[in-house]
Amino acid sequence: MLEALGLDLKEIIFVIVNFLILVFVLSKFIYKPFLEALDNRKKKIKETFDAAEAVSRRADAKLAKYERRIVHVEEESRSIMKEAKRKAEEQAQQIIDDANKQAGEIMARAERNIEMEKMKALEDMRQEIAALALLAAEQIVEKEVDKSGQDAIIDEVINNARGAQWQTVSN
């Protein structure tokens, strides 16, 4: 039957042997190294993924650490700002208290000065009234006047004293 097809048995065996030798040579020198190269590549890829995963875990850990630091820094900054605000309010209150104290001292000095000026004015008025009284007494003694004349002189002295009081107080 092979002969009817125009094939020779020796040729078929030769082709089969060549094919088997080719398969053996290919498997020995090409297929096994190819499979080893694929295994090595697979291992390298796995190692790369493992390394990437390790780097990712470290990055996540650092990110969590930085986030904790940020939260801590934010809390610390809020605390610092709160403390600064408290100190500023204390300083403002201290300034207000000092200003009120100084204003009170100024008012007390002004009241003392006013009181002293008032006392001085009263003393001046007393001296003027005494001088007027002496003047009136001299006039009464010089003039021997009757009772109605004395009353007129006294009224005049009192009117002069009132005028002097207004002048002294307004000065």
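Val17 is found in helix α2, which covers residues 9–142. The structure is a predicted model, and its chain has 3 helices and 0 strands. Of the 171 residues of the chain, 6% count as buried. The points below cover the fold and its confidence, the surface, the nonpolar core and the salt bridges.

**Fold and confidence**

- Followed along the sequence, the chain shows the pattern α-α-α.
- Helix α2 spans residues 9–142, and helix α3 spans residues 147–170.
- The chain has a mean pLDDT of 84, with 85% of its residues reaching 70 or more.
- Confidence is highest in α2, at a mean of 90, and lowest in α3, at a mean of 65.

**Surface**

- The chain has an accessible surface of about 15300 Å². Carbon and sulfur atoms account for 62% of this surface.

**Nonpolar core**

- The largest nonpolar core consists of 5 residues: Leu132, Ala136, Ile153, Val157 and Ala161.
- Helices α2 and α3 are the elements that give two or more residues to this core.
- Helix α3 provides the largest share of the core, with 3 residues.
- Helix α3 is also the element in which the confidence of the chain is lowest, at a mean of 65.

**Salt bridges**

- The structure holds 5 salt bridges. Among them are the pairs Asp50 with Lys46, Arg86 with Glu90, and Glu123 with Arg126.
- The side chains of Asp50 and Lys46 meet at 3.4 Å, N to O. These two residues are 4 residues apart in helix α2, so about one helical turn separates them.
- Within this pair, Asp50 is partly exposed, at a relative accessible area of 38%, whereas Lys46 counts as exposed, at 53%. The cut-off for exposed is over 50% relative accessible area.
- In the salt bridge of Arg86 with Glu90, the closest N and O atoms are 2.2 Å apart. Arg86 and Glu90 are 4 residues apart in helix α2, so they too are separated by about one helical turn.
- Arg86 is partly exposed, with a relative accessible area of 35%. Glu90 likewise counts as partly exposed, at 44% relative accessibility.
- Arg86 and Glu90 also belong to a network of salt bridges in which they are linked with Glu83.
- Glu123 and Arg126 form a salt bridge through their side chains at 3.3 Å, N to O. Both residues lie in helix α2, 3 residues apart, which is about one turn of the helix.
- Glu123 is partly exposed, its relative accessible area being 36%.

How values were computed. Residues are numbered from 1 along each chain as its sequence is written. This is a predicted model: local features need pLDDT of at least 70, side-chain atom pairs count only at pLDDT 80 or more; totals for chains, interfaces and linings use all residues. Side-chain values use heavy atoms; hydrogens and water are left out. Buried means under 20% relative accessible area, exposed over 50%, partly exposed in between (1.4 Å probe, protein chains only). Accessible areas come from the Shrake-Rupley method with a 1.4 Å probe; for residues, only the protein chains shown count as cover. A nonpolar core is a set of buried Ala, Val, Leu, Ile, Met, Phe, Trp, Tyr and Cys residues joined through side-chain atoms within 4.5 Å. A salt bridge is a side-chain nitrogen of Lys or Arg within 4 Å of a carboxyl oxygen of Asp or Glu. pLDDT is the predictor's confidence in each residue, from 0 to 100.
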